Amino acid sequence: MTIYQNLIAGEWTGAEAVENINPSDTKEVVGLYASGSAADTRNAIAAAKAAFPAWSRSGIWERHVILKKAGDEIMARKDELGALLAREEGKTLPEAIGETIRASQIFEFFAGEALRLAGEVVPSVRPNIGVEITREPLGVIGIITPWNFPIAIPAWKIAPALCYGNTIVFKPAELVPGCSWAIVDILNRAGLPKGVLNLVMGKGSIVGQTMLDSPDLAGITFTGSVGTGKRVAVSSIEHNRKIQLEMGGKNPMVVLDDADLSVAVEAAANSAFFSTGQRCTASSRLIVTEGIHDRFVAAMTEKLKTLNVDHALKTGTHIGPVVDERQLKTDTDYIEIGKKEGAKLAFGGELISRDTPGFYLQPTLFTEATNQMRISREEIFGPVASVIRVKDYEEALAVANDTPFGLSSGIATTSLKHATHFKRNAEAGMVMVNLPTAGVDFHVPFGGRKGSSYGSREQGKYAAEFFTTVKTAYTLA
Ligand code: ADP
């Protein structure tokens, strides 16, 4: 089998490889992907450092053309790349193609942004002096990504990093190197100079840790667990390095008595169970007022009966497998914890077997949960959600905000008053009214508050805040 290698200083390299396994069919090896060493990582950092002076001064047209070419190729290959994504991560083919299209749109967006770079010219408070405020590239950026969005998250970190003139050392998650390799190959062929984008696949403890320990990374943008995010933060203080951390959530979805029941059920089922619940914007706390509670639970249970859990590539599959054995164990452990804590298992909770050996778990719904239970406080990251019964809107809002996280927060209501109040008072970076908590646009800011995020927002124009540094220049006329 061919080894998909790392790209360091413009050369494909690496003989050590690991298997990329399909979670829908664990007999299937998607490919063999290089596993980089600490030395590979240091070489990649050195290559990115050497490439920075020229790339940081490259013309905006060159950056535009490369980003546009990448966006176009990803779009042209959406079905093939979507299938690769579905095979390595396990989300359904329509979800995977949708994510691939989004990656393409992100490259298109930043191709446009490259042509819109601008600064400000302002008068000085002193006579005969002019002041210019410009944004300059930050330097070498370390990009560390998780497994749950194998193409969109790399795209939304790589595209702005290149757009604003930075060079990159990119380390994707071990479980899903395939899509990352594909977009690096596409960008490399689109004409990026050697060393501008370096790919080092491999272990977090080796490749990732070597990146954290390097004094030569000016910034690290990270999406992953709270624990690793903290390591990124602590190591970065030592090196006076800029960081952007996206670390998950425990997102609430409030359903009020006045909600349109079918809108609420569609939004809640999507939030909790689509993409197998493996989205940091997924909702696992369904906070429901008493007047609609029983009808909502009955309708959700009916809805869950209609969702097929099966091979990600099979037509008609609504929910793919859990990503791997370790995550499956976490999910089933939390199901046991929920039962022991006294929540009532209203639906699911069982492993399922299918034609192919994979990590199949029924969508699982608890009722009679409280917001103090571990299943309501800790991120599970699987198809497991709980219904928490509350008296009224005020209690719903208080429970929604009573969490260490603050990424996304949703409400289903037909009341303008409650929707408006919730938008203002939800302690989250993103608020959704009559929509799932997950599923965001590519051209507007993404990020959270409290334990979910640290640093400036990702995506859209706001990405410039992280990927650039501001210069204020004074000139005597
Ligand atoms: P998850 O539990 O979702 O896998 P992790 O935080 O472990 O979350 O992984 C997110 C990313 O961080 C992955 O690319 C992983 O390899 C990387 N990573 C894990 N440990 C470290 C580390 N010590 N230093 C840097 N990166 C790491």
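Mentor: We start with the ligand and then turn to the pocket and the cavities. The model is predicted, so local features need pLDDT of at least 70 and side-chain atom pairs count only at pLDDT 80 or more, while totals for chains, interfaces and linings use all residues. Residues are numbered from 1 along each chain as its sequence is written, and side-chain values use heavy atoms, with hydrogens and water left out.

Trainee: Which polar side-chain atom lies 2.6 Å from an oxygen atom of the ligand?

Mentor: A polar contact is a pair of N or O atoms within 3.5 Å; within protein, one must be able to donate a hydrogen and the other to accept it, and residues adjacent in sequence count only if both atoms are side-chain atoms. The 2.6 Å distance belongs to a polar side-chain atom of Ser 225. Lys 171 places a polar side-chain atom 3.0 Å from a ligand oxygen, and Gly 204 has a backbone N or O atom 3.5 Å from a ligand oxygen.

Trainee: How much of the ligand's accessible area does the protein cover?

Mentor: Accessible areas come from the Shrake-Rupley method with a 1.4 Å probe; for residues, only the protein chains shown count as cover. On its own the ligand has 550 Å² of accessible area, and the protein covers 82% of that.

Trainee: What space does the ligand take?

Mentor: On a 1 Å grid over the protein atoms alone, a cavity is a set of points where a 1.4 Å probe fits but cannot get out, and a pocket is an open set with protein on both sides within 12 Å along at least five of seven lines; lining residues have an atom within 4 Å of a point. A molecule sits in one if more than half of its atoms lie within 2 Å of its grid points. The ligand takes the space of the largest pocket.

Trainee: What volume does the largest pocket have?

Mentor: Grid points are joined across faces, edges and corners, and a volume is the space filled by probe spheres set on the points. For the largest pocket that is about 1,000 Å³. It is lined by 37 residues, with Trp 147, Gly 224, Ser 225, Thr 228 and Arg 326 closest to its centre. H7 gives the most to this lining, 5 residues.

Trainee: How many cavities of 30 Å³ or more are there?

Mentor: The count is 3. The largest cavity holds about 100 Å³ of space, and of its 15 lining residues Gly 277, Ala 282, Ser 284, Phe 381 and Gly 382 are closest to the centre.

Note on methods:
Helices (H or I, at least four residues) and strands (E, at least two) are DSSP runs, numbered from the N terminus.
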